[in-house]
Amino acid sequence: MSLHKNVSRRKFIVAAGASAVGSVLLKSCATSPTTTTTASPVAGSGGLETTKINLGYIAIFEAAPLIIAQEKGFFQKHGMAEAKVVKQASWGAARDNVEIGSAGGGIDGGQWQMPMPHLISEGVITKGNKKLPMYVLLQTSTQGNGIAIANGRADGTSHLGKGIGLDVSKAKAHFDQLKAGGNPFTAAYTFPSANQELWIRYWLAAGGIDPDTDVKLIVVPAAQTVANMQSGTMDGFSTGDPWPFRILADNIGFMAALTSQMWPEHPEEYLAIRADWVDKNPKATKAILKAIMEAQQWCDDPANRAELAKILSGRDFINVPEPILNPPLAGNYKMGDGKAEINDRTKGPLFWKGSRGNISYPFKSHDAWFLAENVRWGKLPGTTDIKAIVDRVNREDLWREAAKELNIPDADIPKETTRGVETFFDGIKFDAKDTSAYLGSLKIKKVK
Ligand code: CA
């Protein structure tokens, strides 16, 4: 979003006020993209504590609801006329910018991998380990991630035809051979302790490969990942749409598995905002939630898919051509290495609703899984009080209030803060009510 666009929008709002003209424009904005940037907020938006917030995003599908809330006028509709999504160069930059806050030129919150909001709140990944309380408010999307494997290495070692798939135990001999040769399988992710590292660790361990001793795990900036796969310095990469499709389209590698195969409708990325901002601006927070909830419904509507791809492909956003964005939005994935293609809308990114109910609602049970995995791999102490951290950070109560104000049907509002027992592709079960039982059931782990 350019500055001048915001300025002209503000001028218009001043001119139109909350008049009847505004409501007429608001109605038309729901169907016509051309009026979006001049839509006026609804009457009564004056009751908000502020109309301004800076929300960070990373240029991947998970950011779509934030981008659409801005581009289709949903923020304005709910009175957040100066809400702005701000592209972040990396997850580390997003963390740095939320520590600064918008008053210092940073951001107030935005899109996060999990459990970054909890780790920032607890001072685990902040400068000087300073605690910066944050609130998790909404899940932006589920699925749409996968584990990509390079075709091979510069020395001629090939990863093709070695059985690297969902069940990686079939490729154990190949992994053992690489390790014995002194150059173990090297897998990368873009930020430690969060989704991408946790997906790759779970996948390896489920196949009997110890991520701490049998392979090398490295952090690679997102911008370098494709180059590293092409040059063969990185064998595997945990990544989000549109990269899984692009890696196949560019013949750089193949897909071992989609995360939707590992854990259908798994928790993925979230909206979280600094607690001090939310505490100061509770009405504005709910206005943001309502805007993003409407954007999520818009994103899931097949009638809007072409326009969604067009908006996301923009230079300000994902900056990838529409033909690369359309297949994953339709759940179409080439897997490569002899695997059947996946053509199933329910396996791609989903934003509002899936077969297991609402996707936007932030289940506390899902936050607990991300923290339990950090305990599993020795990144958090075994004594960590997972429930206490989740109770401090997760504000599903605000999501519920916003959903009621938006007249979301009761059937689409989860009754409990847990989605119940989760079952992974390897048969392992997770129940947030007993994280010790989960940790005890895992064969490969660091925690005692
Ligand atoms: Ca992701």
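Author: Ring pairs link Trp199, Tyr202, Trp263, Trp369, Phe370, Phe424, Phe425, Phe430 and Tyr438 into a cluster. Rings of Phe, Tyr and Trp (its six-membered ring) pair if their centres lie within 6.5 Å; planes under 30 degrees apart count as stacked, over 60 as edge-to-face and the rest as tilted. This is a predicted model: local features need pLDDT of at least 70, side-chain atom pairs count only at pLDDT 80 or more, and totals for chains, interfaces and linings use all residues. Residues are numbered from 1 along each chain as its sequence is written, and side-chain values use heavy atoms, with hydrogens and water left out.

Reader: How many aromatic pairs does a search of the whole structure find?

Author: The search finds 17 aromatic pairs. In one of them, the ring centres of tryptophan 199 and tryptophan 369 are 5.4 Å apart and the planes are at 20 degrees, so this pair is stacked.

Reader: Where do tryptophan 199 and tryptophan 369 lie?

Author: Tryptophan 199 is in helix α8 (residues 195-206) and tryptophan 369 in helix α16 (residues 364-376), so the pair ties together parts 170 residues apart in sequence. Helices (H or I, at least four residues) and strands (E, at least two) are DSSP runs, numbered from the N terminus.

Reader: Is tryptophan 369 buried or exposed?

Author: Tryptophan 369 is buried, at a relative accessible area of 0%. Buried means under 20% relative accessible area, exposed over 50%, partly exposed in between (1.4 Å probe, protein chains only). Tryptophan 199 counts as buried too, at 2%.

Reader: And tyrosine 202 with tryptophan 369, stacked or tilted?

Author: Tilted, because the centres are 6.5 Å apart and the planes are at 50 degrees. That pair also links distant parts of the chain, with tyrosine 202 in helix α8 and tryptophan 369 in helix α16, 167 residues apart. Tyrosine 202 is buried at 2% relative accessibility.

Reader: Now charges. What lies over the face of tyrosine 135?

Author: Arginine 395 does, at 4.8 Å from the ring centre. The cut-offs: NZ of Lys or CZ of Arg within 6 Å of the ring centre and within 35 degrees of the ring normal.

Reader: What about glutamate 396, which residues is it in contact with?

Author: Leaving aside neighbours within four places in sequence, glutamate 396 contacts Tyr361, Pro362, Lys364 and Thr417. Contact means heavy atoms within 4.5 Å. Glutamate 396 is in helix α18 (residues 396-405) and is buried, with a relative accessible area of 10%.

Reader: Switching to helix packing. At what angle do α14 and α15 pack?

Author: Helix α14 (residues 305-312) and helix α15 (residues 322-329) pack at about 135 degrees, with their axes 9 Å apart. Axes are lines fitted to C-alpha atoms, for helices over the stretch in contact, and angles run from 0 to 180 degrees between N-to-C directions. The contact involves residues including Leu308 and Leu312 of α14 and Leu325 and Leu329 of α15.

Reader: Last topic, backbone. Which peptide bonds are cis?

Author: Among them are methionine 114 to proline 115, with omega near 0 degrees, and aspartate 241 to proline 242, with omega about 10 degrees. Proline 115 is in the loop between β3 (109-112) and α6 (116-121). Proline 242 is in the loop between β8 (236-240) and α10 (243-249).

Reader: What is phi at glutamate 265?

Author: Near 55 degrees, a positive value in a residue other than glycine. Glutamate 265 lies in the loop between α11 (259-262) and β10 (267-274).
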